[in-house]
Amino acid sequence: MPRAGFTAIYSGTIRFGRDGKWYCDGEVIPNRAICRLYARAMTVDDDGTARLELGEDRARVEIEDTPWVVIAVDGDPQHGFTVRLNDETSEPLVPATMRVAADNVLYCRVKGGRHEARFLRPAYYELMRHAEASASGGYELPVAGARIPLPQPT
């Protein structure tokens, strides 16, 4: 029996892409409110299984890269940085959790260190504008009086 005011999660293939967009059966979901709801309703089990849980409705989610992405970076080198995720949560950036993958894609640990989040390009550029060349030839990020070496691509 249908419940008034509620719509079941569509039973097609739901995917969260490396570009930070939600897809259903290969098509971008254009509605920002639905994308925000999906980002907030997603859970990821210890085995990596992701699903949307909205009331009684459940749907499996295919994760292309990471379950959440960094959409913005706030703060400065003197006080530290905060990352904003696509589910509209913010948390302090823990520089020790950062890694750089192929093609200079930056990642950090989020959600209490349980998950990795991929930096989308605007957030990456915002953070990297604070990076400085180090004596060793790499780059460092000044944070609260410390100089954090940025990892080399893996």
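In this predicted model, helix 1 contributes four residues to the lining of the largest pocket, the largest share of that lining. The largest pocket has a volume of about 440 Å³. Its lining comprises 19 residues, of which Gly 20, Arg 32, Cys 35, Arg 36 and Asn 86 are the closest to the pocket centre. At least two lining residues are supplied by each of helix 1 (32-41), strand 7 (68-76) and strand 8 (80-85). By residue class, the lining of the largest pocket consists of eleven nonpolar, five charged and three polar residues.

Strand 7 and strand 8 also take part in the packing of helix 2. In helix 2, which spans residues 121-128, the buried residues are Ala 123, Tyr 124, Leu 127 and Met 128. These residues lie on the same side of helix 2, because the arc they cover around the axis is only 125°. Besides strand 7 and strand 8, the buried residues of helix 2 pack against strand 11 (105-110), strand 12 (115-119) and strand 14 (139-143).

With regard to the protein as a whole, the secondary structure consists of two helices and 15 strands. Along the principal axes, the C-alpha atoms fill a box of roughly 65 × 30 × 30 Å. The protein has 154 residues, and 41% of them are buried. Among contacts with a separation of 6 or more, 43% are formed by residues 24 or more positions apart. The accessible surface of the protein amounts to about 9000 Å², and carbon and sulfur atoms account for 50% of this surface.

Terms used: Residues numbered from 1 in each chain as written. Predicted model: local features only at pLDDT ≥ 70, side-chain atom pairs only at ≥ 80, totals over all residues. Heavy atoms only, no water. 1 Å grid on protein atoms, 1.4 Å probe; cavity = no way out; pocket = protein on both sides within 12 Å on 5 of 7 lines; lining within 4 Å. Points joined across faces, edges and corners; volume = space filled by probe spheres on them. Nonpolar A, V, L, I, M, F, W, Y, C, P; charged D, E, K, R; others polar. Buried < 20%, exposed > 50% of the residue type's maximum accessible area, 1.4 Å probe, protein only. Arc of directions from axis to C-beta. Contact = heavy atoms within 4.5 Å. Areas by Shrake-Rupley, 256 points an atom, 1.4 Å probe, with all protein chains shown as cover.
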